[in-house]
Amino acid sequence: MQRLLITGGCGFIGSALVREFQRRDVEIFVLDNNSYGSRGIIDIDDEHFLFGDILDPARTRDAMRTARPDVVIHLAAIHFIPHCNQYPFESANVNLQGTVNVLDAAREQGGVGKLLFASTAAVYPIADVAVAETHPVGPLDIYGLSKTIGERLCHEFHLATGVPTIVCRFFNAFGPNETNPHLIPEIQRQVLSGSRTLKLGNLDPKRDFIHTYDMATAVTALLDTFDRGYDTFNLGRGEEYSVREIVAAFSRAIGVPIDIEVEAARVRKVERMHLLADITKIQRFTGWKPRISLDEGIATLVTEGV
Ligand SMILES: NC(=O)c1ccc[n+]([C@@H]2O[C@H](COP(=O)([O-])OP(=O)(O)OC[C@H]3O[C@@H](n4cnc5c(N)ncnc54)[C@H](O)[C@@H]3O)[C@@H](O)[C@H]2O)c1
């Protein structure tokens, strides 16, 4: 049986990954400090839940010793961009020093056969086209910059150890168990509280929203297929939706019209208008396809609640 360590496994995407790996013959360990995630959203026993902070190198090494992983998935990070902008040193510290600690502990432990790092679409500059992995990076904020350096650290890890290393650039996730106040959970919150006139900010920016279930199946497909070297893969749905289109999907899901009121305080002054993944590479490499449409995913958010 394969042994897997997921840092940040109690988070939004981590919880979907844990669920997906639980369908397989894998022994899963989770290292998390529950700062954003919560153990309650995953089904894991005490032996496999390793409470700890990746900023603590001794605890991180200790977790690596306990898990003795064949595969490491490194998700733990601070990633809500407004929070990162407000607390740039705190988020840079977790995303950089924390990543150094995880990589160093994996190197020291030895025996790790594959490592996957959660990077982000935020490494890309503003572009009006679908971005492929070959698009030059150009992060706009401290979060994107911290992940760009995280990618480089993973490359150094690969060069030093020879461990096959995958950088996965996640686009915008949606699904159950959201931990951060992103757009879709905010719309979900307002809709479930009974509001039919939503108070929102910018309505026209488009994002590539992918369901966390599809992210989890893509990650397993990558880990199944990738067996040497270091490489980078976009992980999105390959379709983009504006805020208006998301609201329209909620309206279809509840079968009632929904109005929008733009609230000046919610309007971001600097905003990308597009963020769309070219997913040709991951599809060719793994044969993976996203399964859950925006409408299907949103329908479950209103029927199953938060
Ligand atoms: N959600 C998205 O749309 C999205 C998009 C692009 C990239 N990502 C990346 O994917 C990864 C997971 O994102 P998510 O949406 O699940 O976020 P999340 O905040 O729900 O999950 C992060 C997890 O890491 C844990 N964590 C944070 N700091 C830690 C620390 N110092 N030590 C130990 N654990 C710590 C949190 O408690 C949480 O469970 C992150 O690396 C994020 O940058 C997410």
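Helices (H or I, at least four residues) and strands (E, at least two) are taken as DSSP runs and numbered from the N terminus. The structure is a predicted model, in which local features need pLDDT of at least 70 and side-chain atom pairs count only at pLDDT 80 or more, while totals for chains, interfaces and linings use all residues. Residue numbering starts from 1 along each chain as its sequence is written.

The ligand is surrounded by 29 residues, a residue being near a molecule if its C-beta atom, placed from the backbone, lies within 6 Å of it. G8, G11, G37, A77 and H79 are the closest of these. At least two residues of the shell come from each of α1 (12–22), α4 (88–109), β5 (114–120) and β7 (172–174). The most is given by α1, with 3 residues. By class, the shell comprises 14 nonpolar, 13 polar and 2 charged residues; Ala, Val, Leu, Ile, Met, Phe, Trp, Tyr, Cys and Pro count as nonpolar, Asp, Glu, Lys and Arg as charged, and the others, Gly among them, as polar.

The chain is assigned domain 1 (2–172 + 210–235) and domain 2 (179–208 + 240–303), with bounds from an automatic or database domain assignment. Their centres, taken over C-alpha atoms, are separated by 24 Å. Domain 1 contributes 27 residues to the contact and domain 2 contributes 21 residues, where two residues are in contact if their C-beta atoms, placed from the backbone, lie within 7 Å. On the side of domain 1 that touches domain 2, two or more residues are given by each of β10 (209–211), α7 (212–225) and β11 (230–235). The largest share of this side, 7 residues, comes from α7. This side of domain 1 holds 17 nonpolar, 7 polar and 3 charged residues.
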